[in-house]
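The entries record what I looked up, topic by topic.

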Amino acid sequence: MSEVARVVSARGELVLRRREDDGALELRVNGVFVMDDRETSSEELLASAALASVRRPDRVLVGGLGLGYTVCALLADARLGSVVVAEIEPDLVAWMRSGLVPSVLDDPRVSVSLGDVRDVVTATPDASLDAILLDVDNGPDFLVYNENSAIYSSSFLTVCRSKLRTGGVLTVWSSSASDALASAVTSVFGACQVTPVPVTLQGRDETYYVYQGSFSTG
Ligand SMILES: C[S@@+](CC[C@H](N)C(=O)[O-])C[C@H]1O[C@@H](n2cnc3c(N)ncnc32)[C@H](O)[C@@H]1O
């Protein structure tokens, strides 16, 4: 394992490293595996699920830049107008801008809002987004940052809904099945679509999940 970059902030330690066995680039926070660039299907599905359901992806907000796979999948859709990426770790953005991580930030449709996704969403005008995609942690049951538990609560999901235009969607990534998250999405949007995503992580079979709610007035 060779270290590519490391930063220690008030929130903890962020490490980018290259695995020797398969050459994958891996992101770890406080020693916890967050993601790599080998198995990215669920990050991409977070985007494709939203794109398949939304009427028109004119303005989209993504919570969590990571290695950029969700944003990249959005950018592949020519209908996309713009995407705001809320990212709490400025160094991760700097690593991408410097080329340590392949960049999705050069596309003129992308802008970055540095900060907690809760603050970024709250500051967004009401009824101004077509989709909100949240992948800021490993899901409600395996948090890297304890403060992120509020992101999966019905009160924050209610704030998200208020920022969506009619026909808009919210998608949330989770590393495990969560009845509590499904209930929270259902309580706010009236229904919750759960999509399991089978993945293979370094030879190990796992299932990740995407939770989705749609905002319709009818
Ligand atoms: C699992 S990664 C996102 C992966 C991304 N979907 C991709 O395709 O690469 C989680 C990201 O969320 C960021 N993050 C964690 N908590 C956050 C918060 N409260 N607000 C904004 N970003 C946050 C992390 O720094 C990290 O970049």
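**Ground rules**

I noted that the model is predicted, so that local features need pLDDT of at least 70 and side-chain atom pairs count only at pLDDT 80 or more, while totals for chains, interfaces and linings use all residues. Residues are numbered from 1 along each chain as its sequence is written, and side-chain values use heavy atoms, with hydrogens and water left out.

**Entry 1: salt bridges**

Side chains of opposite charge can pair when their charged atoms come close. I took a salt bridge to be a side-chain nitrogen of Lys or Arg within 4 Å of a carboxyl oxygen of Asp or Glu. By this rule I recorded 19 salt bridges.

I looked up D36 and R19, whose side chains form a salt bridge at 3.1 Å, N to O. D36 belongs to strand β4 and R19 to the loop between β2 (12-18) and β3, so the pair ties together parts that are 17 residues apart in sequence. For the element names I used DSSP runs numbered from the N terminus: helices are H or I runs of at least four residues, and strands are E runs of at least two.

Are D36 and R19 buried or exposed? I used relative accessible area with a 1.4 Å probe and protein chains only: buried is under 20%, exposed is over 50%, and partly exposed is in between. D36 is buried because its relative accessibility is 3%, and R19 is buried at 3% as well.

I then noted two other pairs. D37 and R38 form a salt bridge of 3.2 Å, N to O, and R38 is partly exposed with a relative accessible area of 45%. D107 pairs with R109, their closest N and O atoms being 2.9 Å apart, and R109 is partly exposed at 22%. Salt bridges that share partners also join R17, R19, D21, D22, E26, R28 and D36 into one network.

**Entry 2: D137**

I located D137 in the loop between β8 (129-134) and α5 (154-163).

I looked next for polar partners of D137. A polar contact is a pair of N or O atoms within 3.5 Å; within protein, one must be able to donate a hydrogen and the other to accept it, and residues adjacent in sequence count only if both atoms are side-chain atoms. The side chains of D137 and N148 share such a contact at 2.8 Å. A polar atom of the D137 side chain also lies 2.5 Å from the backbone nitrogen of V144.

For contacts in general I required heavy atoms within 4.5 Å. Leaving aside neighbours within four places in sequence, D137 is in contact with residues including F142, Y145, Y152 and W173.

**Entry 3: empty spaces**

Rolling a probe the size of a water molecule over the atoms shows where empty space is left. On a 1 Å grid over the protein atoms alone, a cavity is a set of points where a 1.4 Å probe fits but cannot get out; a pocket is an open set with protein on both sides within 12 Å along at least five of seven lines; lining residues have an atom within 4 Å of a point. Points are joined across faces, edges and corners, and a volume is the space filled by probe spheres set on the points.

I recorded 2 cavities of 30 Å³ or more. The largest cavity holds about 410 Å³ of space. Of its 31 lining residues, G64, E87, D135, V136 and D137 lie nearest its centre.

The largest pocket has a volume of about 180 Å³. Its lining includes V32, F142, W173 and R204. β4 (32-36) and β11 (204-215) are the elements that give two or more residues to this lining.

V104 sits in the loop between α3 (90-98) and β7 (110-114) and is buried, with a relative accessible area of 9%. V104 and L65 are 39 residues apart along the chain, and their C-alpha atoms are separated by 9.4 Å. Beyond four places in sequence, the contacts of V104 include L65, C72 and M96.

S178 lies in the loop between β9 (164-174) and α6 (179-189). S178 counts as buried because its relative accessibility is 4%.
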